[in-house]
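Subject: Structure and notes

Hello,

Please find the structure below. My notes come after it.

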Amino acid sequence: MNKPNTAALSTDSQNAALERPTHPLWIIITFIVAYLTTLALSTVHVLWLPDVLALTLLYWTVRYPRHIGMTIAFLCGILSDIHTGSVLGQQALAYTILSYSAITLHRRLTWFNPTGQALHVLPLLLMTQIVVLLVRLWFDGLWPGFPWFMQSLTGAILWPLISFVYSWPERHAGHNDNVL
């Protein structure tokens, strides 16, 4: 008779503990904090500050593509359009395209460490900014200048930190089911 391999069972249970889903409340909290951070940073007129809401949307869309998707992206974009007073729908369109791209690349992105992921995040953030720029040029004819694209670079630089902070409950969940 074949005996079950207890070493394999113990590593499977350890891997199952590592792959526990994030509590939905943590996801909601991160979106609220990202939106409030975006509101606070919009009063500071520094062009190179990253779009924290886009980074949050990108992280959770890559992590949970079936639950955080284009509908959430559209709603986040509408909220961003409302608070910036821009053309209604430009951020919504950009965030929806960002979410679609993240859903398309979510399996590939998980293969890499956070630094490698940052190299994939940079073009996604640039694409989002280009969509906003095209809508802005179409309606307003205003060119923000090349320093405006520094947002994508600083967002990609912050990606490892964002990944570390947002995955904190998964790493510290332990065996207690009451922990976020």
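This is a predicted model: local features need pLDDT of at least 70, side-chain atom pairs count only at pLDDT 80 or more; totals for chains, interfaces and linings use all residues.

Residues are numbered from 1 along each chain as its sequence is written, and side-chain values use heavy atoms, with hydrogens and water left out.

Helix pair

Helices α4 (residues 70–84) and α5 (residues 90–109) pack with their axes 7 Å apart, at an angle of about 150°. Helices here are DSSP runs of H or I, at least four residues, and the axes are lines fitted to C-alpha atoms over the stretch in contact, with angles from 0 to 180 degrees between N-to-C directions. The two helices are therefore roughly antiparallel (angles over 145 degrees). On the α4 side, the contact (heavy atoms within 4.5 Å) includes Met70, Phe74 and Asp81, which are among the residues that meet α5. Tyr95, Tyr100 and Ile103 are among their partners in α5.

Pocket

The largest pocket has 33 lining residues, and Ser42, Thr84, Arg136, Trp148 and Gln151 lie nearest its centre. A pocket is an open set of points on a 1 Å grid over the protein atoms alone, where a 1.4 Å probe fits, with protein on both sides within 12 Å along at least five of seven lines; lining residues have an atom within 4 Å of a point. Helix α6 gives the largest share of the lining, 5 residues.

Regards

Note on methods:
Angles under 35 degrees count as roughly parallel, over 145 as roughly antiparallel, 65 to 115 as roughly perpendicular and the rest as oblique.
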